[in-house]
Amino acid sequence: MHTIDSGFRRRKRLGLWTVTFLTGFVGFVNLLSGVSPSLPERIVWLEAIFPFPIRAGGHLFSALTGFLLMTLAANLLRRKRIAWVLTVGLLIASIASHLIKGLDYEESVLAGVLLLQLFLMRREFTAQSDRPSIAQGVRVLIGALLFTLAYGTVGFYVLDGRFNVDGQPVNFGFIASIVQTLAIFFTADNAGLQPTTRFSQFFVNSIYIVGLVTLIYAFFMLLRPVLLRGDPATAADRQKARKIIDQFGQTSLARLSLLKDKSYYFSPSGQSVIAYVSKGRAAIALGDPIGAVQDRMEAIVGFGEFCDRNDWFPAFYETSADELERYHSLGFESIQIGEEAIVDLNAFTLKGKAAQDFRTALNRSAKAGYTFKVYDPPVQDDLFPLLKPVSDEWLKAKQGSEKQFSIGWFDESYLRDCFIAVVYDANNDPVAFSNLLSNYNRSEVTIDLMRHRSDAGKGTMDFLFTSLLQHFKQAGYESFNLSLSPLAGVGDTPNARKSERALHYLFNHLNQFYNFQGLHHFKEKFQPRWEPRYLVFPGITALPEIIMGLVRADSGDRLLDYIKPPT
């Protein structure tokens, strides 16, 4: 994230755009060259050296390299190293194919100019390849279908007059060329098509080859996410991260950083770790770097450079106000995403008028035969089969699935190491539960999951939380973190920035699914102090990608959880 002269940045960006445009243009030229017959006066020099099948193969190869160059162009703009390597190789082969098929030095010179520019800019292409995705495969599949259609259409249009249909000469216009290309794939007799020259016969056969090769490549890209699955982090990474977190962790986010959806970046010194999730072009860190204070600047800079090499936008989610100056000094921007509600347990009391609702909840629940119990970690396995139906019923009522990233989920290996508070009814059946995280190196406990049955009595959650606050106060804890309240204080003032208003709009529309505002009002009853939390990001242009990455990370890529209609 070092400061670079803006003029230099613009020149570098212009160079990338130029390379991208030329690569796409060379790909299109290769397509045209592949379907165009070679000039007779030039073929004379080649016929003695290369027979027709080899020269025809040069045409076919030219068309296929055109398809690949078009698919690589956008990746060059994103500075992908493998795209640079493949493009250089294809251009060298393309130059050779142009010369072999018909001494087409014009196309060779154009490819050579692009090859020279790519060589001069070789140090700019440092980004690693994207992780395979279904969306990526679908894009390539659509591109393969369109390219094959374009190949046939352009070919019939260029080779006008070299075909008969049902024994009669035919001149193909643009629409007729499209129809004839489709006819080759969908009619048994190719709609009566009869090539009248050796090259036109080769062209018709080549349509099948181009279609087959491009579709095989597209289906490979489509299957890559299935073939190349893997854990986000290695066992060694997790062990190293746990060691640092055990030593330097401060908040509940440190414990959530150890969940299996996280990957890890370690600072150059190895003294700090950043737990992150990469979705699309966003690499979103959970909280601030964890490690020695003097190493945090180096960790942030290193993470930014790491993301730059991967063509990711670095972001930090739920960062504290104390660290904002550090991020801003490195060129990051920030917006408030909500506030954490923290109850001072030393000041918490059930006495006085303000606590009347809490006393009412305790009395009502006692009369209904409800009881409360906290299980300390490690929790015994026999509790989880009792709690699972409560969790499943709650998820079904919400018409959602488990969330991830900044919250835990019902996983026995995770819950076993948490405090678990359970409310039982008069029949000693669980009706509500919550798991809690004790913060590293701080006398604070943080709420995580909160789930209850749909028929739980009125005030059950008030009874659960009031009992929790009493329990942990008596256990000697100083504070109780009710976790983040999205929307709180975000973008609802007249002078709010556009980005904050956009985020406010997003959360307002998600509120119909997740009731953020109702949750905020529930926490307000416990009279907490509110501490702002922020999203840190590199610039406003990266924000849409980062917000989409957050939605994907939170939903575990189950985007339908966010877009289904409310009942």
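The side chains of Ser-483 and Lys-523 are joined by a polar contact of 3.1 Å, a polar contact being a pair of N or O atoms within 3.5 Å, of which, within protein, one must be able to donate a hydrogen and the other to accept it, while residues adjacent in sequence count only if both atoms are side-chain atoms. Ser-483 belongs to strand E14, residues 479-486, and it touches Glu-339, Glu-340, Ala-341, Ile-447 and Lys-523, leaving aside residues up to four places away in sequence; contact means heavy atoms within 4.5 Å.

This is a predicted model, in which local features need pLDDT of at least 70 and side-chain atom pairs count only at pLDDT 80 or more, whereas totals for chains, interfaces and linings use all residues. Residues are numbered from 1 along each chain as its sequence is written, and side-chain values use heavy atoms, with hydrogens and water left out.

| Helix pair | Angle | Axes apart |
|---|---|---|
| H3 (residues 52-77) and H4 (residues 81-102) | about 155° | 9 Å |
| H13 (residues 356-367) and H16 (residues 460-474) | about 110° | 9 Å |

Helices (H or I, at least four residues) and strands (E, at least two) are DSSP runs numbered from the N terminus, and axes are lines fitted to C-alpha atoms, for helices over the stretch in contact, with angles running from 0 to 180 degrees between N-to-C directions.
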